[in-house]
Amino acid sequence: PAVRRPDDDAPRTLHEPPVGGRIRLTVLVPTRNEAGNVAELLNRLVPAVATIGAEILVVDDSDDDTPAVLARHAAGATVPVRLLHRPAQRRSGGLGGAVLAGAHHARGEWVLVMDGDLQHPPEAAAALAAVALRHDVDVVIGTRYAGHGSRGGLGGLLRELTSVGATRLAKSLFPLRLATVSDPMSGLFVFRRSAVRLDRMHPLGFKVLLELLVRHPGARVAEVSYEMEKRHAGHSKASLSEGVAFLRHLSRLRGQRLVGQIRQRPRTIRERFHELFRMVAFGLVGLSGMVVNTAALWFFYEPAQLHHLVGATLATQLSTSWNFLLVDNLIYRGQRRGSLPARAFRFFLLNNVLLLVRLPVLQALVWAGVGVLAANAVTLVALFLVRFLINDRVIYSA
Ligand code: GDD
Ligand code: MN
């Protein structure tokens, strides 16, 4: 299907009072059916951000009269208020898509993203923006999980558990990027417009901050704690289908990152040389592992009389242990990531996934009349480069 560019429509200006000086901050509020909240939101938000040099940009995907209520209450504001209403057929990306669409039209150098239901206290959001403007950072996250932060307003044990679980899951999939981020799922954050490449973003649902972090590994991140409040009116749009969208979003992000990581090339001559050196060392270890593997397979197949596929599976566990000890201690000692069990797990996972590829080939070669030991050796050599690249660029990536 044809993808519409998010800036097909421009926001409508609801109110444009003269502001002294330039607009430094765009407060971007995604809304979906928040008619009961936007008046109170403006009441509290406008005074909180008026001194920063801010504008408010609401990106609305509502079917209720949120736009009308907003227009009515924007009239008295002391800061500019704009509205980008996306008609039903153009609501791509949900909440995340709305944030991206709004970011295209932001006039401020900084963009503050916050919910429209007053769960993010406007005063706390303004304080967060003030921190961003004062420091040399690219992203400032409002966190519920550190310092004095609290998620008391999340509502319900189930939501609490889902939130904690989702945060854990994301952190385990992106351990390096999220190492210093306590609340990657936060809906309250500020980013420097020039530090974010909007064309890299392909949001899907609620977790737009997570995508921003993952797709901008160089962005400098800080966190400020805040206390999440209860929703003012109406109800949350989080749902089971949002949960499913989150999992799809995660796997898409992780998949693209993995492929990107494997394809990454060394840049300088020096890096190339070092890579070549590691490849040779890895090859030598692999060669010794092949001796272990072949000897073990011979043992399982000949004296022990096991089926050759069973023998190959067992032999792989032995040679993988051997290879892991050497690779982990000799080649990548200085580049270890995570605990010993975690590294061993990744290493064994890779070799066993590759085993699933090797076994059918081994069987085909045996059927074609090649001897079991020779056929096994061929499958091992054939996957050498794959094994090296994944080890070097993913498992032990610097
Ligand atoms: N434009 C637009 N389009 N806005 C949306 C959409 C959408 O499809 N879905 C939700 N919103 C708006 C809501 O109107 C509200 O202003 C804000 O996004 C947050 O939505 P809620 O429905 O109130 O979500 P929540 O309170 O359950 O989730 C909040 O906390 C999560 C972490 O626990 C949000 O801040 C999430 O982003 C955050 O991940
Ligand atoms: Mn909410």
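This is a predicted model: local features need pLDDT of at least 70, side-chain atom pairs count only at pLDDT 80 or more; totals for chains, interfaces and linings use all residues.
Residues are numbered from 1 along each chain as its sequence is written, while chains are lettered from A and ligands numbered from 1 in the order in which they are written.

Let us start with helix α7 (residues 240–263) and helix α12 (residues 384–395), which pack with their axes 8 Å apart at an angle of about 115 degrees. Helices (H or I, at least four residues) and strands (E, at least two) are DSSP runs, numbered from the N terminus. Angles under 35 degrees count as roughly parallel, over 145 as roughly antiparallel, 65 to 115 as roughly perpendicular and the rest as oblique. The helices α7 and α12 are therefore roughly perpendicular to each other. From α7, the contact takes Leu258, Gln261 and Ile262, and from α12 it takes Leu389, Ile390, Arg393 and Val394 (two residues are in contact if their C-beta atoms, placed from the backbone, lie within 7 Å). By class, this contact of α7 with α12 has five nonpolar residues, one polar and one charged. Here Ala, Val, Leu, Ile, Met, Phe, Trp, Tyr, Cys and Pro count as nonpolar, Asp, Glu, Lys and Arg as charged, and the others, Gly among them, as polar.

Next, look at helix α1 (residues 38–49) and helix α4 (residues 122–134), whose axes come within 8 Å and cross at roughly 30 degrees. That angle makes α1 roughly parallel to α4. Leu41, Arg44, Leu45, Ala48 and Val49 of α1 meet Pro122, Glu123, Ala126 and Ala129 of α4. In this contact of α1 with α4 there are seven nonpolar, no polar and two charged residues.

On the α8 side you will find Met290, Asn293, Thr294, Leu297, Trp298 and Tyr301, meeting Val372, Leu373, Asn376, Ala377 and Leu380 of α11.

Now for the annotations. An unreviewed UniProt entry lists residues 276–300, 306–332 and 367–390 as "transmembrane region"; UniProt positions are given in the numbering used here, feature names are shortened, and annotations may be inferred rather than shown by experiment. In the model, residues 306–332 are 89% helix and 0% strand, with the end C-alpha atoms 35 Å apart. Residues 367–390 are 79% helix and 0% strand, and their end C-alpha atoms are 30 Å apart.

Finally, turn to ligand 1. Of the 22 residues around ligand 1, Pro30, Ala98, Gly116, Gly187 and Lys237 come nearest (a residue is near a molecule if its C-beta atom, placed from the backbone, lies within 6 Å of it). Two or more residues of this shell come from each of β2 (25–31), β3 (54–60) and α3 (94–104). Helix α3 gives the most, with three residues. Sorted by class, the shell around ligand 1 has eight nonpolar, seven polar and seven charged residues.

Key. Axes are lines fitted to C-alpha atoms, for helices over the stretch in contact, and angles run from 0 to 180 degrees between N-to-C directions.
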